[in-house]
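Student: Please take a close look at one helix-helix contact in this chain. How do the helices pack, and which residues meet?

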Amino acid sequence: LTMAAVSIALMMHWGFFVSAGFLAAGALACLAAPASAELLFGLFASLAYGSVIFTWARWRSDFEVPSAA
């Protein structure tokens, strides 16, 4: 997942680098505490996807044309 996020960040949007960071940190946490790997993976994957949603929404809002009110 980290490699996919890095690839997408290089091709599409910088926000995926934040996601890649969360996923890489999650991979290290899973290696450090294998007994809690399922919980840690779920936590860090959720943070990664949440960061993509946040940065993607900010990026898309940059393209919106303000109304002439």
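Tutor: Helices (H or I, at least four residues) and strands (E, at least two) are DSSP runs, numbered from the N terminus. On that basis the chain has 3 helices and 0 strands, in the order α-α-α from the N terminus on. The model is predicted: local features need pLDDT of at least 70, side-chain atom pairs count only at pLDDT 80 or more, and totals for chains, interfaces and linings use all residues. Residues are numbered from 1 along each chain as its sequence is written, and side-chain values use heavy atoms, with hydrogens and water left out.

Two packed helices are described by the angle between their axes and the distance between the axes. For α1 (residues 2-11) and α2 (residues 15-32), the angle is about 165 degrees and the axes are 8 Å apart. Axes here are lines fitted to C-alpha atoms, for helices over the stretch in contact, and angles run from 0 to 180 degrees between N-to-C directions. α1 and α2 are therefore roughly antiparallel, a term for angles over 145 degrees.

In the contact (heavy atoms within 4.5 Å), α1 contributes Thr2, Ala5, Val6, Ile8, Ala9 and Leu10, which meet Phe16, Phe17, Ser19, Ala20, Leu23 and Ala24 of α2. By class, this contact of α1 with α2 has 10 nonpolar residues (Ala, Val, Leu, Ile, Met, Phe, Trp, Tyr, Cys and Pro), 2 polar and no charged ones; Asp, Glu, Lys and Arg count as charged, and the others, Gly among them, as polar.

For the chain, buried residues (under 20% relative accessible area, 1.4 Å probe, protein chains only) make up 26% of the 69 residues.

Note on methods:
Parallel < 35°, antiparallel > 145°, perpendicular 65-115°, else oblique. Buried < 20%, exposed > 50% of the residue type's maximum accessible area, 1.4 Å probe, protein only.
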